[in-house]
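Hi,

Here is the model I promised to pass on to you. Please have a look at it first, and my notes follow just below.

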Amino acid sequence: MAESKRRGEDAGDEREREDAVVDDVADDDATDADEPVSRGGTATRARARAESADGRKTRKDTDRVGLFARIARFFREVVAELRKVIWPTRKELLTYTAVVVTFVAVMLTIVGLLDFAFAKGVLWVFGNPS
């Protein structure tokens, strides 16, 4: 609803679209009445397993892909995944870096103080040999 106000649309248009969506869903339910409804049970999983088992090929049936083809495919997939990444802006990157450096400095101080305290405690309990 907030998005429709930002775009300059009326609330009435939004209600009309919602009614149309409800009508479409009702039509879909009427045509699919003879199909069983799956509630996430095992019937769907069993059907998916049966379909994947039918389409499964053995290693003998498939052609072997060469080493360079596999390496090229790997790099194509890496590039495709990197295109999906939402990269931070420069300001976000500097903010995140400052937060990490500050957190590491605080933890370093805490660990250093605890190490110093435990070292003094051990020397006090067991005595100073020098």
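A search of the whole structure, which is a predicted model, turns up one aromatic pair. F74 and F75 form that pair, and the geometry is edge-to-face, with 5.4 Å centre to centre and 70 degrees between the planes. For the cut-offs, rings of Phe, Tyr and Trp (its six-membered ring) pair if their centres lie within 6.5 Å; planes under 30 degrees apart are called stacked, over 60 edge-to-face, and the rest tilted.

A word on conventions. Numbering starts from 1 along each chain as its sequence is written. Local features need pLDDT of at least 70 and side-chain atom pairs count only at pLDDT 80 or more, while totals for chains, interfaces and linings use all residues; side-chain values use heavy atoms, with hydrogens and water left out.

Now the overall picture. The protein chain has five helices and zero strands, where helices (H or I, at least four residues) and strands (E, at least two) are DSSP runs numbered from the N terminus. Of its 130 residues, 2% count as buried; buried means under 20% relative accessible area, exposed over 50%, and partly exposed in between (1.4 Å probe, protein chains only). The chain exposes about 12700 Å², of which carbon and sulfur atoms supply 61%. These areas come from the Shrake-Rupley method with a 1.4 Å probe, and for residues only the protein chains shown count as cover.

How many salt bridges does the structure hold? There are two, taking a salt bridge as a side-chain nitrogen of Lys or Arg within 4 Å of a carboxyl oxygen of Asp or Glu. In one, R73 meets E77 at 3.0 Å, N to O. Both residues lie in helix α4 (residues 67-84), four residues apart, about one turn of the helix. R73 is exposed at 51% relative accessible area, whereas E77 is partly exposed at 40%. In the other, the closest N and O atoms of K84 and E81 are 3.2 Å apart. These two residues are also in α4, three residues apart; K84 is exposed at 59% and E81 partly exposed at 46%. The spacing makes sense, because an α-helix has 3.6 residues a turn, so residues three or four places apart point the same way.

Helix α5 is the other part to look at. Its 37 residues (90-126) should span 54 Å at 1.5 Å a residue, and the end C-alpha atoms are 53 Å apart, which agrees; the expected span is 1.5 Å times one less than the number of residues. G127 follows α5, with a positive phi near 85 degrees.

An unreviewed UniProt entry lists residues 93-114 as "transmembrane region"; such annotations may be inferred rather than shown by experiment. In the model that span is 100% helix and 0% strand, with end C-alpha atoms 32 Å apart.

Finally, V100, F103, V104, V106, M107, I110, L114 and F118 make a nonpolar surface patch of about 770 Å². Patches take residues with over 30% relative accessible area and no salt bridge, joining like charges within 9 Å and nonpolar side chains (Val, Leu, Ile, Met, Phe, Trp, Tyr) within 5 Å. F103, found in α5, is exposed at 55%.

Best wishes
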